[in-house]
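Colleague: Could you take me closely through the sheet of this protein, strand by strand, and through what packs against it?

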Amino acid sequence: MCALCGVLGGKGHWSDSASAPAVFAGRTEPQTRARERQERTRLLNAALKYHGVVVKDWAGSSYLLTSRTGRTAIVDTIGDLWPAAERLSGRTIDPLDEQYLARLATTPN
């Protein structure tokens, strides 16, 4: 598949309620794929800010990660995002690190 077809033909992820409305039937507000990706990107940025990595939605099907030094990576899934963020930041991202958790607790989203 060419790169353009991969971008334009992106499929929904199992965690997207817009892709599987029956699974998320308890939701009261309407969801769109774009709205979910915006919220997911906001949460990812809040989690990765401490590590100097910024996440942007790329074409509604991938994520563009950028480090403080300008290094970039494009990943397809959130599962691919964490190893890429570690490579870009140059350090291991430990979600249970006490300093990291303390910073998250005091940083507004």
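Modeller: What follows is a walk through the sheet and its neighbours. This is a predicted model, in which local features need pLDDT of at least 70 and side-chain atom pairs count only at pLDDT 80 or more, while totals for chains, interfaces and linings use all residues. Residues are numbered from 1 along each chain as its sequence is written, and side-chain values use heavy atoms, with hydrogens and water left out.

Along the sequence the pattern reads α-α-β-β-β-α-α, where helices (H or I, at least four residues) and strands (E, at least two) are DSSP runs numbered from the N terminus. The three strands form an open, antiparallel sheet in the order β1-β2-β3, and strands count as paired if DSSP finds at least two bridges between them. The edge strands, β1 (53–58) and β3, each pair on one side only, and the twist averages 20 degrees from one strand to the next, with axes fitted to C-alpha atoms, for helices over the stretch in contact, and angles running from 0 to 180 degrees between N-to-C directions.

Helix α2 (residues 33–48) packs on this sheet, touching β1 and β2 (contact means heavy atoms within 4.5 Å), and its direction makes about 170 degrees with that of β1. Helix α3 (residues 78–89), in turn, lies across β1, β2 and β3, running at about 15 degrees to β2.

Strand β2 (residues 62–67) pairs with β3 over four bridges in the antiparallel sense, and Thr66 stands opposite Thr72 in β3. Four residues lie between these strands in their hairpin, where Gly70 takes a positive phi near 95 degrees.
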